[in-house]
Amino acid sequence: MEKLLQEKCHKLLDMVNKAGADSCDIILSKGDSFSVSVQNADVDKYKVSGAQVIGVRAIKDSKVGLSYSESLDDSALEVIAKSVIENAENSEVNQFEKIEIEKGEYLFPSGYTKDDSTTEDKIDFCLRLESEVKARDSRVETVPYNGVSEASSSLYYLNSNHVFGYKSDYYQTCYTSALIQEGEKSSMNSHGVIARKLKDLNYERCIELSLEHASQWLHAKPLSTGHYDVIFEPDSFYSFFSCFSNIFSGKGAMEKTNPFSEKLNQQVANSKLTIKDIPQYADAFSKYYFDSEGVARKDFTLIENGKLNSFYHNSATASFFNIETTGHASRGAKSALTVSGTTKVFSGGDIPTSQLTSGEYFEIHSMQGLYSGSNAISGEFSFAASGYLCRDGKRVQPVKGVTVSGNYHQMLLNVELIGS
């Protein structure tokens with residue numbers, strides 16, 4: 001934790017209080033990143049960047065104002081302290097948004113520090129990625145995407161009721177791809193991984209999966225139109241599930257844009273399905289300790305045995321529904337208050353893998369046009385997909401160029417099996 005940045009938060013808080021705020025909170029975020037990509041055995045792009053921004057939310061006469069600055073000198077802080085009050089005075093009354101969380105300190109520095117890999121190490125890593133993809137399959141025309149990145153971040157939270165929070169993180173990622181050409185046919189796939197150190201990045205997995213799917217889909221065929229059982233590859237399921245995550249939004253429920261607004265305690269999914277939000281889940285890559293209002297994160301049940309248990313709430317949406325916040329406030333230094341979740345965990349069922357994968361099903365690995373082809377309110381979706389037709393756990397046909405369509409809300413009810 002940088003003492004100077006903590007002091008800047010306290011200084012801005014004092015300025016805003018003196019300017020006339022009834023209450024206020026500060027968010028300061030800082031990030032540094034490095035990225036390099038390689039094309040044709042030469043460095044294609046190289047970027048080192050850093051950014052910091054401090055933002056304030058002030059309540060005055062039940063009105064909310066926001067202001068931020070990317071400069072942390074005293075004159076800049078004075079400007080945003082003045083402007084946040086002016087912005088509040090010129091906004092409409094908001095009877096629900098208040099800053100009332102009191103007394104708490106959350107200090108969660110990352111247990112991971114910048115590794116000792118050099119810029120040359122990262123460039124060599126990229127060069128090896130590209131050369132290995134080409135060496136393992138003579139049909140590889142090019143490696144269009146290939147690179148390494150490194151990122152560190154820190155966030156400070158402070159409010160006028162003596163709540164202070166700090167957290168930091170550090171990680172590295174790598175990705176590669178394969179564009180395979182065979183006669184007039186071509187196919188491409190890419191894959192990326194994340195880790196805490198360069199040496200821990202799963203180099204082999206990136207190469208193998210890029211080549212495997214690009215090679216398989218070179219001779220892929222569409223499926224006959226019909227109804228199919230579907231199993232999503234985990235990364236694809238994450239994207240698909242996130243596309244409709246508004247069903248858990250307390251803000252959406254308050255504004256009547258959440259299609260499940262009136263379905264609390266009702267059956268919205270198959271009775272086998274239980275979904276929890278577990279912020280410090282042991283096997284998750286990232287952990288979450290406090291929200292953007294200084295509330296401690298806790299395990300939280302979204303759907304239990306198919307019934308909608310609760311929505312994500314911040315203090316404002318909780319006030320609207322006359323309940324307590326669930327600790328899911330979300331706000332950046334530049335943005336207004338909203339809600340968001342952390343790590344969602346699906347409870348395992350009692351079905352062994354052999355039973356889960358028995359019979360015929362379509363295994364979805366890649367989706368295109370998911371968001372443009374989905375309606376988060378109605379639940380209707382239609383997107384292009386690639387994957388494999390499988391039978392009894394074995395791939396029998398690579399599939400490409402098919403359209404998958406249906407209704408997400410109905411899909412939750414139509415879950416057939418949940419693996420152990």
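## Sheet, hairpins, core and pocket

Four strands make up an open sheet in the order 12-11-10-15, and their pairing is antiparallel. Strand 12 (307–308) and strand 15 (344–346) are the edge strands; each has a single partner, so one side of each lacks a neighbour in the sheet. The model is predicted: local features require pLDDT of at least 70 and side-chain atom pairs pLDDT 80 or more, while totals for chains, interfaces and linings use all residues. Residues are numbered from 1 along each chain as its sequence is written, and side-chain values use heavy atoms, without hydrogens and water.

Helices (H or I, at least four residues) and strands (E, at least two) are DSSP runs numbered from the N terminus. Two strands count as paired if DSSP finds at least two bridges between them.

| Strand pair | Bridges | Residue pair |
|---|---|---|
| Strand 1 and strand 2 | 17 bridges | Ser23 and Ile59 |
| Strand 2 and strand 3 | 7 bridges | Arg57 and Leu66 |
| Strand 11 and strand 12 | 2 bridges | Glu304 and Lys307 |

Strand 1 and strand 2 form a hairpin with 2 residues between them, and Asn40 in the turn has a positive phi of about 55°. The hairpin of strand 2 and strand 3 also has 2 residues between its strands, with Asp61 in the turn at a positive phi of about 55°.

A pocket is an open set of points on a 1 Å grid, where a 1.4 Å probe fits, with protein on both sides within 12 Å along at least five of seven lines; lining residues have an atom within 4 Å of a point. Of its 40 lining residues, Ser153, Lys167, Ser168, Asp169 and Lys287 are the closest to the centre. The lining comprises 16 nonpolar, 15 polar and 9 charged residues.

The model has 0 disulfides, a disulfide being a pair of cysteine sulfur atoms within 2.5 Å. For Cys174, the nearest cysteine sulfur is that of Cys206, 3.8 Å away. Cys174 is buried (under 20% relative accessible area, with a 1.4 Å probe and protein chains only) at 1%.

How values were computed. Ala, Val, Leu, Ile, Met, Phe, Trp, Tyr, Cys and Pro count as nonpolar, Asp, Glu, Lys and Arg as charged, and the others, Gly among them, as polar. Buried means under 20% relative accessible area, exposed over 50%, partly exposed in between (1.4 Å probe, protein chains only).
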